[in-house]
Amino acid sequence: MTYEVKSLNEECGVFGIWGHPDAAKLTYFGLHSLQHRGQEGAGILSNDAGQLKRHRNMGLLSEVFKNPANLDKLTGTGAIGHVRYATAGEASVDNIQPFMFKFHDIQFGLAHNGNLTNAASLKKELEKNGAIFSSTSDSEILAHLIRRSHKPTLIGKVKEALSTVKGGFAYLLMFEDKLIVALDPNGFRPLSIGRMANGAIVVSSETCAFEVIGAEWLRDVKPGEVVIIDDQGIQYDHYTTDTQLAICSMEYIYFARPDSNIHGVNVHTARKRMGAQLAREFKHEADIVVGVPNSSLSAAMGFAEESGLPNEMGLIKNQYTQRTFIQPTQELREQGVRMKLSAVSGVVKGKRVVMIDDSIVRGTTSRRIVQLLKEAGASEVHVAIGSPALAYPCFYGIDIQTRQELIAANHTVEETRQIIGADSLTYLSIEGLVDSIGIETDAPNGGLCVAYFDGNYPTPLYDYEEEYRRSLEEKTSFYK
C-alpha cells in the first residue's frame with residue numbers, strides 16, 4: 001500500500017523505544033514498517049544518557065538515512081522517530097519531525113501524529129505572548145504550552161498542555177530521563193505499547209512494527225491517557241477522564257497495514273468482513289471479483305467467499321514506479337494510474353467484473369480503473385466500495401479538509417456511477433462497516449469515528465467550524 005495512487009493520505013507514523021542499546025537502529029526498523037503512513041520526510045531523535053541527538057530530512061526513510069553515519073551517530077538507549085505526510089504545515093525540512101527543543105534548564109524532543117483543531121487560535125495567542133515558532137506545523141504548539149505552564153512538576157506541565165490542545169493527537173515526548181506518551185480523548189489515531197525480550201519498552205502507531213523488531217504487544221494506549229516510561233518501568237496516568245473512543249475508521253479501511261491489530265481487531269480480518277458484508281449488500285449479477293491492489297485485496301477475498309464468485313487477479317500493480325499520489329496536477333495523477341496498474345485481458349475479457357476498492361475520493365482513480373478493465377474486454381464493471389461514501393472532510397489527521405474535493409459530497413450515487421463509467425456502484429453501509437470492524441466497546445458507532453460518512457463529528461471543530469459550515473453550502477461539479 002506504500003505507493004497507492006489515491007489522493008488520501010495519513011499524516012504520519014510515530015515510533016519510540018526506551019531501554020535498548022541499539023535504540024536508534026531499532027527505531028529505523030520500526031519506522032520502515034510504518035513507511036506507508038508518510039513518505040514526505042523522516043527523522044529519528046536519540047537519547048544518550050540525557051544528551052539528545054537528531055537527524056531528519058525530506059524523503060523516504062531509506063533516503064534520509066542513506067549515509068550509515070547519520071544513523072550511527074544517534075547513540076543511546078532511547079529514541080523516538082517519525083515519518084511524515086503533511087496535513088498541517090508546508091513541505092519543508094523545518095516541519096520534519098521529531099522536533100527538538102533546547103532551553104537553559106531542559107531539552108526534549110517531540111513527535112506527533114494527528115491534527116489539532118484549535119491550532120490557529122492557540123498559535124496566535126502564544127505568538128502574542130512572545131512565543132517564536134520554528135516551523136509551520138501545528139505539532140510545535142504543545143512544546144510552547146509545556147514550556148509556558150506554571151505547574152510545579154514536569155508531568156503537571158505536560159498534562160496541562162495536553163488538556164489545552166484539541167483534535168486528534170498521538171504524542172511521543174522524549175525528555176532527558178523519560179519517554180512520555182499521550183493520546184487524545186477520543187483516540188482518533190492508533191498507538192500501541194510493546195516490550196522486548198531485554199525489557200525495553202516500545203511504542204508504535206501500528207503493531208506491525210513490533211513484529212519486525214521482536215517485541216511483544218502489551219496494550220493499546222487509551223484515550224486521554226499519559227504513559228510515563230523510564231528506567232523504573234511504565235506508569236499509566238491520565239490528563240482527562242472525559243473520554244470517548246472514536247478511532248478513525250479509515251485506519252481499518254485503508255491506512256493501517258493488514259498485519260496490524262488495532263483495539264483487538266486484526267486489520268486484514270476486519271477488511272475481509274467488510275468485503276463479506278459488502279457482498280450481502282450487493283444487488284447485481286457478476287462473474288468474477290477483482291480487488292484493486294493492494295489495500296482492497298482483503299475486502300475482495302471476503303466478497304468472493306461470501307458471494308461464491310471466483311476471486312481473480314484482474315489487475316496487476318507495478319511495484320517499481322515512482323510515487324504518483326503527490327503529483328501536483330490532476331492530469332499527472334490520472335496518468336499515474338496507468339503507470340501503476342494494468343488490467344489482465346485474459347482474466348477479465350467477456351466477464352462481468354465486480355471491482356472492489358476501499359474508497360472513492362475524487363473519483364479519478366476509479367474512473368481510470370474502470371476504463372482499464374473495459375479496454376481489456378470486461379463486458380460489465382460493477383464497482384463495489386468497502387466503505388461508505390466519503391462525503392465529509394476529516395479534521396483529525398487525514399488530508400481531506402474540504403467537501404469540494406470529495407465526489408460523494410457533490411454528486412449522488414447515480415451521478416458518481418456515471419462519472420466513473422461503471423455499470424453499477426455500491427457503497428458499504430455505515431452499519432455494515434461498524435459491525436464488520438467489531439471493536440468490543442459500548443462507545444457510539446462501535447468506537448469508530450464515522451464523521452467522514454455522516455457528518456456527525458465527535459468533537460467541536462473549533463478553528464475549522466466556520467469554514468466547514470460555509471463549505472456545506474458549496475458544491476463542485478466533477479463532470480467533464
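Trainee: Which residue in S4 is the bridge partner of Gly41?
Mentor: The partner of Gly41 is Arg84. Keep in mind that this is a predicted model.

Trainee: What makes S2 and S4 a pair?
Mentor: A pair needs at least two bridges between the strands. Strand S2 (residues 41–48) has seven bridges to S4, in the antiparallel sense, so the two count as paired. S4 is also joined to strand S1 (residues 12–18) by seven bridges, again antiparallel, and there Cys12 has Arg84 as its bridge partner.

Trainee: Why is S4 called largely enclosed?
Mentor: Seven of the seven residues of strand S4 (residues 78–84) are buried, so the rest of the structure largely encloses the strand. Gly78, Ile80, His82 and Arg84 point one way, while Ala79, Gly81 and Val83 point the other way, and all are buried. In a regular strand, side chains alternate between the two faces of the sheet.

Trainee: Why does Ser33 count as buried?
Mentor: Buried means under 20% relative accessible area. Ser33 has 3% relative accessibility, so Ser33 counts as buried. Ser33 lies in helix H1 (residues 23–33) and touches Cys208, Ala209, Val212 and Arg257, leaving aside residues up to four places away in sequence.

Trainee: What makes S18 and S23 edge strands?
Mentor: Five strands form an open sheet with parallel pairing, in the order S18-S17-S21-S22-S23. Strand S18 (311–312) and strand S23 (424–427) each have a single partner strand, so one side of each has no neighbour in the sheet. S18 pairs with strand S17 (residues 288–291) over two bridges, and Val289 has Asn311 as its bridge partner in S18. Helix H10 (residues 297–307) packs on this sheet, touching S17, S18, S21 and S22.

Trainee: Why are H9 and H10 called oblique?
Mentor: Their axes cross at roughly 45 degrees. Angles under 35 degrees would be roughly parallel, and 65 to 115 roughly perpendicular; the two helices are therefore oblique to each other. The axes come within 6 Å, and the crossing is right-handed. Among the residues that meet are His268, Arg271 and Lys272 in H9 and Ser298, Ala299 and Met301 in H10.

Trainee: How many residues does the largest nonpolar core have?
Mentor: That core has 81 residues, with Met250 and Tyr252 making the most contacts inside it. Another core, of 29 residues, lies apart from it and includes Ala119, Leu126, Leu162 and Ile180.

Methods:
Residues numbered from 1 in each chain as written. Predicted model: local features only at pLDDT ≥ 70, side-chain atom pairs only at ≥ 80, totals over all residues. Heavy atoms only, no water. Core = buried A, V, L, I, M, F, W, Y, C linked by side-chain atoms within 4.5 Å. Buried < 20%, exposed > 50% of the residue type's maximum accessible area, 1.4 Å probe, protein only. Helix = DSSP H or I, 4+ residues; strand = E, 2+ residues; numbered from the N terminus. Contact = heavy atoms within 4.5 Å. Axes fitted to C-alpha atoms, helices over the stretch in contact; angles between N-to-C directions. Parallel < 35°, antiparallel > 145°, perpendicular 65-115°, else oblique. Left-handed = near helix turned anticlockwise from the far one by under 90°.
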